[in-house]
Amino acid sequence: MDDIQVAKKSADAMWANDDAAKALGIRIDVSRPGHAEATFEVRPDMVNGHHVCHGGFLFALADTAFAFACNTYNRVTFASGATIDFLRPAKLGDTIVASASEVHRGGRIGVYDVVCRNQHGEPIATFRGRSFATREPLFE
C-alpha cells in the first residue's frame, strides 16, 4: 500500500466513528499524507447573536481538518494544543473550507497549519495545531 492509500484508508477509519463531524455536516477530503480539507455550510443553528458564525464552529471545522491531516500515517494521533485567529466573519449560508497542511512531523510530535476560507476565497480564520502520535494503528 502506498502513502496515499494509507492516508485515505486512515481517513476512512477515522470517518467511520466521527459523529461530531457528521453532525456538523462536515465533508472531508484527504488527498495525500499530512494534508486534509474539511468543508461545511454555515447553518442557522451556527449563527450567534451578531448574525455571524459562532467561533466555536469555525474552531471545530479547523480542528477536524487538522485531525484528519495528522492522522494520515495510520497512527492514532491526538491534538496536544491549538490556537485560532479569527480574521473576518463567516455568514449564514457561507461555505467554509478549512485546508490543513503539515508544517513539521518528527518522532511523535507534529505541527499543522489550517486556513479557513469562504466560497470567495477570503480567509476567515487561521489555526495552528500541535499533535502527539501514539503507537496504536488506526487500521490493521
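How many bridges join strand 5 to strand 6 (residues 123–133), and in which sense do the two strands run? Nine bridges join them, and the strands run antiparallel. The model is predicted. Its protein chain holds three helices and six strands, which follow the pattern α-α-β-β-α-β-β-β-β along the sequence. The radius of gyration is 15 Å, close to the 14 Å that the globule rule gives for 140 residues, so the chain is as compact as a globular protein of that length.

**Overall dimensions and packing**

- The C-alpha trace of the protein chain spans about 45 × 25 × 25 Å along its principal axes.
- Of the 140 residues in the protein chain, 39% are buried.
- Among contacts with a separation of 6 or more, 64% are between residues 24 or more positions apart.
- The protein chain has an accessible surface of about 7,200 Å², and carbon and sulfur atoms account for 53% of that surface.

- The six strands form an open sheet in the order 1-2-4-5-6-3, with antiparallel pairing.
- Strand 1 (27–29) and strand 3 (77–86) are the edge strands, each of which pairs on one side only.
- On average, and with direction ignored, neighbouring strands of this sheet are turned by 20° against each other.
- Strands of a sheet pair through backbone hydrogen bonds, either parallel or antiparallel.

**Strands 1 and 2**

- Strand 1 is joined to strand 2 (residues 35–41) by three bridges, and the two run antiparallel.
- Within this pair, Asp-29 stands opposite Glu-37 of strand 2.
- The two strands form a hairpin with five residues between them, and Gly-34 in the turn has a positive phi of about 80°.
- Five of the seven residues of strand 2 are buried, so strand 2 is largely enclosed by the rest of the structure.

**Strands 2 and 4**

- Strand 2 also pairs with strand 4, in the antiparallel sense and over seven bridges.
- His-35 stands opposite Ser-101 in strand 4.

- Strand 4 (residues 95–106) and strand 5 (residues 109–117) run antiparallel and are joined by nine bridges.
- Ser-99 has Val-115 of strand 5 as its bridge partner.
- Two residues lie between strand 4 and strand 5 in their hairpin, where Gly-107 takes a positive phi near 60°.
- On the strand 6 side, the bridge partner of Arg-117 is Pro-123.
- The hairpin of strand 5 and strand 6 has five residues between the strands, and Gly-121 takes a positive phi near 80° there.

**Helix 3 against the sheet**

- Helix 3 lies across strand 1, strand 2, strand 3, strand 4, strand 5 and strand 6, and runs at about 150° to strand 2.
- With 16 residues, helix 3 reaches 22 Å from its first C-alpha to its last, close to the 22 Å expected at 1.5 Å a residue.
- The buried residues of helix 3 are Leu-58, Leu-61, Ala-62, Thr-64, Ala-65, Phe-66, Phe-68, Ala-69 and Cys-70.

**Thr-64**

- Thr-64 belongs to helix 3, which covers residues 55–70.
- Its relative accessibility is 11%, so Thr-64 counts as buried, the cut-off being under 20%.
- Beyond its neighbours within four places in sequence, Thr-64 is in contact with Asp-18, Ala-21, Ile-26, Ile-28 and Ala-38.

**Arg-43**

- Arg-43 is located in the loop between strand 2 and helix 3.
- At 27% relative accessibility, Arg-43 counts as partly exposed, because that class lies between the 20% limit for buried and the 50% limit for exposed.
- Arg-43 is in contact with Ala-23, Leu-24, Gly-25 and Leu-92, leaving aside its neighbours within four places in sequence.
- Thr-95 is 52 residues from Arg-43 along the chain, and the C-alpha atoms of the two are separated by 9.6 Å.

Notes:
Residues are numbered from 1 along each chain as its sequence is written. This is a predicted model: local features need pLDDT of at least 70, side-chain atom pairs count only at pLDDT 80 or more; totals for chains, interfaces and linings use all residues. Side-chain values use heavy atoms; hydrogens and water are left out. Helices (H or I, at least four residues) and strands (E, at least two) are DSSP runs, numbered from the N terminus. Buried means under 20% relative accessible area, exposed over 50%, partly exposed in between (1.4 Å probe, protein chains only). Contact means heavy atoms within 4.5 Å. Two strands pair if DSSP finds at least two bridges between them. Axes are lines fitted to C-alpha atoms, for helices over the stretch in contact, and angles run from 0 to 180 degrees between N-to-C directions. The radius of gyration is taken over C-alpha atoms; the globule rule is 2.2 Å times the number of residues to the power 0.38. Accessible areas come from the Shrake-Rupley method with a 1.4 Å probe; for residues, only the protein chains shown count as cover. The expected span of a helix is 1.5 Å times one less than its number of residues.
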